[in-house]
Amino acid sequence: MENRYLQHFLYPSSLFVGKDPYVIKTILGSCVAICLWDKKLKIGGMNHYMLPNWNGNDLASPKYGNIAIDKLVEKMLYLGSDIKDIQAKIFGGGELLESATGNSNMIGERNIRVARLMLEEKKIPIVASSTGGKRGRKIIFFNDTGEVRHKFLEKKVY
Amino acid sequence: MSNLSDKQLLRELRLRLEERKKLDNEMKELSKDFQGVTKKLKESEALKSHFISNISNEIVNPFTSILGLSKAILSVEKNDWKKVVSMVALIHSEAFNLDFQLRNIFVAAKIEAGEIAPNITKVNIRSLVQTVVDSFNIISRKMGIDIKIEFNIEHGFGKNFYFKTDSEKLKLVLSNLLNNALKYSYKDSQVVLKMWVDEDVLHASVQDFGTGISEKNQKIIFERFKRLDSGINSINRGHGLGLSITKALLDVLGGDIDIKSQKGEGSIFSVQLPEARNIVEGFSGEGNDVFFDDDDEIF
């Protein structure tokens, strides 16, 4: 394992952007993680949100996709990125909970939809993705090379 | 398509119509949601500007008192030293309040910036509870309110009980609940803090015998910047962030909070906090593990 990397485990509802080479890791169920990478500055960051849109009640935290995406892009720009150099990879949004409850509220799918919509609006290209399905995912993002390693999990995670 | 019988054609049409209806309904739902959120946003914006004027009071007032009081102490005659004690007590309670408010605001800012992560250690729950309660001692004594601790956890080494969680976050959760309980209590009454464990879940409940919260208000008290203007002991103290922070912190720790209250009879806030697991499936807690397998896909 390359030792020059610092490590960051990304918890749900949080986001992380690093200027130094980091490996950012997370675990996804119906949550979505967006990895943004600046191909010129070779820096990147990731968010991890649980629900598509802020309901106006809770704290305006990156638990919600629309806030998490804005904040992640903002932070990239703050570190000197030009929005034209940013590209995105999106992961997660599985439907892990069997719709035994009757009302499948399709959180996973709605989470992905927000990602695609907002990235398109910001003209950030999605260069890779692995979304949907019924399994959780383990994501490892190298924020200097933009590489993402991805593995499906057999067991259920949140 | 040209070979469809009339029956098939009809069925196909009906299917498509139904599909269309479904989409229409979804659209309606969405636009309703959208309108709701817009309204909320407007409200929230108004509350936010309110918040800023509130918060400057919250910070400026205690400072003014602290400055004034300390100046008064400086000019106290030596034989009047007894006066100093009461002034120092006042300074303490102002500073305590200031510290508490600022802590909340900084945590709220951290949560909104997405920079909050659980910091899990083995926490001595009994001593944590005692520390939190002790920190409110001076204030509760001043109000004549007795904070009663019912610690119903027996196991562990001796009298200590260790639980894997984030001690700072748990402290802030309990502090906020106690602060609220004191704020909405009548003078010379009681606040009861109960702690117990059920399987791997830590329970805490804070009960006051104060004003209580109407059913309608129970629904909105977790919203940010929302404050109920029925505090007894303090006129409009606070910033309306306490409970939304509490909820967000519990969210980070996988816990939950609920409330039982009746107008005029007081309130009980109950917190459930599951014990943190060291390891998230597939990763070690430390993060220094080997973290790829050969079957990783690369994107």
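Which residue takes a positive phi in the hairpin of β4(A) and β5(A)? In this predicted model, the residue is K42(A), whose phi is near 55°. The hairpin has 4 residues between its two strands.

## Strand β5 of chain A

Strand β5 of chain A covers residues 43–47 and is mostly covered, with 5 of its 5 residues buried. In a regular strand, side chains alternate between the two faces of the sheet. In β5(A), I43(A), G45(A) and N47(A) point one way, while G44(A) and M46(A) point the other way. Residues of both groups are buried.

Strand β5(A) pairs with β2 of chain A (residues 15–18) through 4 bridges, and these two strands run antiparallel. Within this pairing, F16(A) stands opposite M46(A). Strand β4 of chain A (residues 32–38) is likewise joined to β5(A) by 4 bridges, again in an antiparallel arrangement. Here the bridge partner of C35(A) is M46(A).

Chain B contains an open sheet of 5 strands, in the order β2-β4-β5-β7-β6, with mixed pairing. Its edge strands are β2 (146–152) and β6 (256–262) of chain B, each of which pairs on one side only. From one strand to the next, the twist averages 15°.

Within the sheet, β5 of chain B (residues 201–208) and β7 of chain B (residues 266–274) are joined by 8 bridges and run antiparallel. In this pair, A204(B) stands opposite V271(B) of β7(B). Helix α3 of chain B (residues 125–135) packs on the sheet, where it touches β2, β4 (190–198) and β5 of chain B. The direction of α3(B) makes about 175° with that of β2(B). Helix α7(B) also packs on the sheet, touching β6 and β7 of chain B, and its direction makes about 145° with that of β6(B).

## The helical span of chain B

The UniProt record, an unreviewed entry, places the feature "coiled-coil region" at residues 13–47 of chain B. In the model this span is 100% helix and 0% strand, and its end C-alpha atoms lie 51 Å apart.

D6(B) has its place in helix α1 of chain B. Is D6(B) buried or exposed? D6(B) is exposed because 7 other C-beta atoms lie within 10 Å, and a residue with 12 or fewer counts as exposed. The C-alpha atoms of D6(B) and S270(B) are separated by 63 Å, and the two residues are 264 residues apart along the chain.

## Where the two chains meet

How many residues of chain B are in contact with chain A? There are 34, and they contact 34 residues of chain A. The elements giving two or more residues to the side of chain B that touches chain A are α1 (6–74), α2 (81–113), α7 (242–252) and β8 (297–298) of chain B. The largest share of that side, 5 residues, comes from α7(B). By class, the side of chain B that touches chain A has 17 nonpolar, 5 polar and 12 charged residues.

Strand pairing also links the chains: β9 of chain A (residues 148–153) is joined to β8(B) by 2 bridges, and the two strands run antiparallel. In this pairing, H150(A) stands opposite E297(B).

Methods:
Residues numbered from 1 in each chain as written. Chains lettered and ligands numbered in written order. Predicted model: local features only at pLDDT ≥ 70, side-chain atom pairs only at ≥ 80, totals over all residues. Buried ≥ 20, exposed ≤ 12 C-beta atoms within 10 Å, placed from the backbone. Pairing = 2+ DSSP bridges. UniProt positions renumbered as here; feature names shortened; annotations may be inferred. Contact = placed C-beta atoms within 7 Å. Nonpolar A, V, L, I, M, F, W, Y, C, P; charged D, E, K, R; others polar. Axes fitted to C-alpha atoms, helices over the stretch in contact; angles between N-to-C directions.
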